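Hi there,

Here is the structure I promised to pass on to you. Have a look at it first, and then read on for my notes.

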Amino acid sequence: MAEPILDIRQLSKSFGALKATDGVDLDLVPGEIHALIGPNGAGKSTLINQIAGTLRPDTGTIRFLGQVINDLKVPERARLGLGRSFQISSLAPEFSALRNVMLAVQSVQGSSFRFFKPVMRDASLIAPAMEVLERVGLAERARIPVAELSHGERRQLEIAIALALGSRAFLLDEPMAGMGPEGSKTLTGFLDKLREEAPILLVEHDMDAVFALADRITVLVYGRVIASGKVEDIRKDPEVRKAYLGDEQ
Amino acid sequence: MTMNRETIVNISLALLLLAIPLIALQLNSPFYVTLATRMAILALAAVGLNLALGLGGMVSFGHAAYFGVGGYVAGILAHHAFSGLPLDFGLFQVPGTNMMPIIWVVAILVSGLLALFIGAISIRTSGVYFIMITLAFAQMTYYFANSWPAYGGEDGLSIFVRNQFPGVNTLRPLTYFFICYAILLAALVLFAAIRDSRFGAALQAARQNEVRVATVGINANRIRLAAFVISGMITGLAGALYADLNRFVSPSMLSWHMSGEFIVLIILGGVARLYGPVAGAMLFVMFEFLLGGMTDRWQFFLGLVLLGVVLLARGGLVGWLAGRARHG
């Protein structure tokens, strides 16, 4: 297997007596979609938050592109190439879709300490931003304020921003949540291609999407990894079926 | 450039403010020139605050600190120029001056340094805590000025002759109005440039959603601190002009009433709108003058107007005239 881009070892995080993350090992190799599944409260978002830097782990290491990033803050990790989307979309609501993406482009280009050139006449910001909006299928909605975009469009926009950051790995927290079947299908097709650009750690409840997309699956229950491996193995794993998938067949 | 409604409103406001002193002179009532100058200076102070409060969402309840410090810079430098004694810093001595351009630069630098100090501490907090910390710092400067006898203490400090500007006679009210008006326009140009720039984009995004800004790799607090310092500098410059208008500085320039007045100006005129502070200052000074002439309780009626604006026209006067702000 190729050298992992993201490598997590023995990660633990407690909130009081509750072990939200309990000795988790997880890695992400180039070209793959690694799905992270588990029942509600299993600690999936807590894990994503520790990788992105919003939460500090108690123990364990997070290595990204060969570098231990435990001590880096959120903006530093983002600049290294960790792109994330949120379970509940988190965007600048008054700005248009375009301006939200342009913010990422300006961050990639270096300094935000430029005081005079108007951004809306800056082709070096607009062109790359339009390009990623085109890719996620939002080009026609570029000038619409985020507050007026649909739920699904906001999800697409978050991915567009992660793309504009030139991310080396994507952390997508339930990108399908609240999307209609049509939207889910389009997004599934999109993520399928996206993995070639950078690997994806995908938290998702939509099992059809997970089984259609994932190369590997890790199952988290009460903060612990109870199974991890190829999709077929996870499907067959008796413990997983008992704990999570339900013995419906 | 396309003339949208806001541009038309802005140009009208700018021309209206310019027209007041010109008409006043035709009618031979120079008092109105002073009134218009007061409008321009208060507008300038509020343009500064609008950068932090409007664009950055930092509700500073302590901008009187920068306003007053700017005022004291003008007063103290003029005081030493008048007495001929240099300012004694122990290790070195600095002569006073009555040249406005030098006074302005010093006022901008000193209020910028103060804003850097206060901002670096305050910016870690948000919401009510930010309001309270900025208020607390401003009150500290107020009590400091009150108890510092060298420059008049609570009695304040007079500037015997208005400071000078090369080539013009600043004692002429209209000349001084033009100086203040020109600086106000320059500050508005700067505000618009910052608002539309990359820096402004990051600042406004940080107000809307801090998490989003961090997730794209931008450190929101550094952006905010820089904006806070620029904001304090502009308000400090306004303070220096205000001292020269009144030829008097006192601790009241540093008091929380003043800070509150700046916030009121912005809310009246339109938060984050380019000409919001201009509209607000014109309304405020007009109320103060018209209602103040009729009753000592004019602030009660101002309160009613403010209530109406907050409840019915949340974009302030500019928002009411020009519609909602557009972000492109």
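To begin with the sheet: in what order do the four strands of the open sheet in chain A stand? The order is 2-1-4-5, and the pairing is antiparallel. Strand 2 (18–28) and strand 5 (67–68) of chain A are at the edges with a single partner strand each, so one side of each has no neighbour in the sheet. Please keep in mind throughout that this is a predicted model.

You can walk across the sheet pair by pair. Strand 1 (residues 6–15) of chain A runs antiparallel to strand 2 of chain A, and seven bridges join them. Among the paired residues, Phe15(A) has Leu18(A) in strand 2 as its bridge partner. Strand 1 of chain A also pairs with strand 4 (residues 59–64) of chain A, again in the antiparallel sense, over five bridges. There, Arg9(A) stands opposite Thr61(A) in strand 4. Strand 4 of chain A then pairs with strand 5 of chain A over two bridges, antiparallel as well, and Arg63(A) has Val68(A) in strand 5 as its bridge partner.

Next, the domains. Chain A is divided into domain 1 (1–81 + 169–179 + 200–249) and domain 2 (89–166). The C-alpha centres of the two domains of chain A lie 27 Å apart. Where they meet, six residues of domain 1 of chain A are in contact with seven residues of domain 2 of chain A. The side that domain 1 of chain A turns to domain 2 has four nonpolar residues, two polar ones and no charged ones.

The largest nonpolar core has 183 residues, and those with the most contacts inside it are Val101(A), Ala160(A), Ala40(B), Leu44(B) and Leu237(B). Both domains of chain A give residues to this core, so it lies between them.

Now for the two chains together. Their contact takes 30 residues from chain A and 23 residues from chain B. On the chain B side, helix 6 (173–196), helix 7 (198–208), helix 8 (210–215) and helix 9 (220–246) each supply at least two residues. Helix 7 of chain B gives the largest share, six residues. By class, this side of chain B divides into twelve nonpolar, eight polar and three charged residues. As for confidence, the predictor gives the complex an ipTM of 0.89 and a pTM of 0.93. Chain B has a mean pLDDT of 94, with 99% of its residues at 70 or more.

Finally, two loop residues in chain B. Asn28(B) is not a glycine, yet has a positive phi of about 60°. Asn28(B) is in the loop between helix 1 (5–26) and helix 2 (31–55) of chain B. Ala272(B), also not a glycine, has a positive phi of about 70°, and lies in the loop between helix 10 (256–269) and helix 11 (276–294) of chain B.

Which of these is buried or exposed? Asn28(B) counts as exposed because it has 6 C-beta neighbours inside 10 Å. Ala272(B) is buried, with 22 other C-beta atoms within 10 Å.

Enjoy exploring it!

Best wishes

Notes
Residues numbered from 1 in each chain as written. Chains lettered and ligands numbered in written order. Predicted model: local features only at pLDDT ≥ 70, side-chain atom pairs only at ≥ 80, totals over all residues. Core = buried A, V, L, I, M, F, W, Y, C linked by C-beta atoms within 7 Å. Buried ≥ 20, exposed ≤ 12 C-beta atoms within 10 Å, placed from the backbone. Domains from an automatic or database assignment. Contact = placed C-beta atoms within 7 Å. Nonpolar A, V, L, I, M, F, W, Y, C, P; charged D, E, K, R; others polar. pLDDT = per-residue confidence, 0-100. Pairing = 2+ DSSP bridges.
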